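Hi,

Here is the structure I said I'd pass on.

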Amino acid sequence: MINLKDISVTFTQKKSDVTAVDHVSLQIDKGDIYGIVGYSGAGKSTLVRVINLLQKPTQGQVIVEGKDMVTLSARALREERKKIGMIFQHFNLMTSRTIADNVAFPLKGSGLSKADITAKVEKLLALVGILDKKAAYPGQLSGGQKQRVAIARALANDPKILLCDEATSALDPKTTLSILELLQEVNQKLGITIVIITHEMQVVKEICNKVAVMENGRVIEHGDVISIFDQPKAPLTQDFIRTATHVEQAEKKLLAHTDKPLYVLKFPNATGAVIIDLFKKFAVTADILYGNIEFLQEVPIGTLIVTLESDNGGVLDLDAISDYLAQRQVRISEIERTTEKEVIA
Ligand SMILES: Nc1ncnc2c1ncn2[C@@H]1O[C@H](COP(=O)(O)OP(=O)(O)O)[C@@H](O)[C@H]1O
Ligand SMILES: [Mg+2]
């Protein structure tokens with residue numbers, strides 16, 4: 001569906017060149033809700049603008065629905081772009097036009113009659129849940145409502161792809177969730193492939209099935225959301241995952257609360273009686289201090305923080321315990337007692 005092959009984008013400036021995107025290859029399949037996560041300046045916006053060629057890559061191939069975008073004529077490119085809608089952090093609505101006119105705007109020159117345009121606009125406004133605001137102006141709407149208008153506008157030309165650049169970053173958490181739900185509905189009902197750029201892993205956790213992590217113009221890790229959340233490899237990915245769950249706060253509080261060694265158990269598919277089995281097999285008592293289950297695409301991923309104590313006062317055979325747990329698809333690790341977290345530049 002979207003195939004980015006070895007894309008680089010270098011901005012030439014007076015003093016020095018900036019390589020915003022550095023040899024990125026990415027495949028986004030039809031029906032995906034694909035998250036691209038990274039801190040500010042990582043190159044996310046530049047990369048996503050390459051998809052509809054708002055940004056021409058310095059090198060590499062952009063294949064969208066089988067078409068090599070870089071080689072298209074201006075006219076063919078205009079047609080292809082209609083199949084790619086886009087929404088932004090600050091909505092980019094025309095303030096002096098009504099909501100209905102904003103949504104109708106991309107339909108100019110579409111050949112549809114006035115009546116057809118009105119009908120289509122109303123259908124789109126109903127889909128995003130703000131038909132009652134059609135005669136209002138953007139200034140009269142809340143942030144969430146404005147983003148709904150922007151989504152309706154982005155859908156006006158029946159796109160196959162919707163690009164979202166920090167679409168929820170200006171919204172409060174509750175409104176963010178309602179917009180993400182709407183995007184999920186757009187994906188499922190209309191079969192539109194969605195690319196979501198965000199600096200919040202929480203957003204990825206809510207609706208994405210795939211994710212790529214960007215740093216310094218490069219994709220440092222990518223894959224399906226469940227495996228990335230279960231076993232993030234790059235330190236930056238681990239950092240992002242921690243911010244998307246409450247495990248880190250719990251770790252900090254518990255470390256301050258006790259001097260005992262603390263262990264994290266991760267259950268990629270929450271299973272049964274592991275704690276009891278530890279007692280039966282190893283005479284080890286696990287005291288549960290914290291528990292959490294995240295659902296990622298309906299798959300439960302469990303986390304427990306425990307203390308482990310050998311019943312007869314003996315030494316813990318952590319290697320044996322770890323091997324045993326691994327057979328049960330449970331991973332164990334001790335929480336490190338470092339005060340300063342490594343700062344990732
Ligand atoms: N038009 C431009 N001219 C020069 N540098 C740019 C331009 N657009 C982006 N950059 C630079 O490219 C890098 C990546 O920017 P961007 O793609 O906006 O990152 P992100 O969206 O992840 O915050 C940054 O260092 C930014 O300053
Ligand atoms: Mg950006």
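Two elements, β2 (18–28) and α1 (44–51), each give at least two residues to the shell around ligand 1, and α1 has the largest share with three residues. Helices here are DSSP runs of H or I with at least four residues, strands are runs of E with at least two, and both are numbered from the N terminus.

Before you read on: this is a predicted model, where local features need pLDDT of at least 70 and side-chain atom pairs count only at pLDDT 80 or more, while totals for chains, interfaces and linings use all residues. Residues are numbered from 1 along each chain as its sequence is written, chains are lettered from A and ligands numbered from 1 in the order written, and side-chain values use heavy atoms, with hydrogens and water left out.

Back to the ligand. The residues around ligand 1 (a heavy atom within 4 Å) include Phe 11, Gln 13, Tyr 39 and Thr 46. Lys 44 has a polar side-chain atom 2.8 Å from a ligand oxygen, and Ser 45 also places a polar side-chain atom 2.8 Å from an oxygen of ligand 1. On its own, ligand 1 has 560 Å² of accessible area (Shrake-Rupley, 1.4 Å probe), and the protein covers 61% of that.

As for the whole chain, there are 12 helices and 14 strands, and the C-alpha atoms fill a box of roughly 85 × 50 × 35 Å along the principal axes.

Cheers

How values were computed:
Polar contact = N/O pair within 3.5 Å; in protein donor to acceptor, adjacent residues only side chain to side chain.
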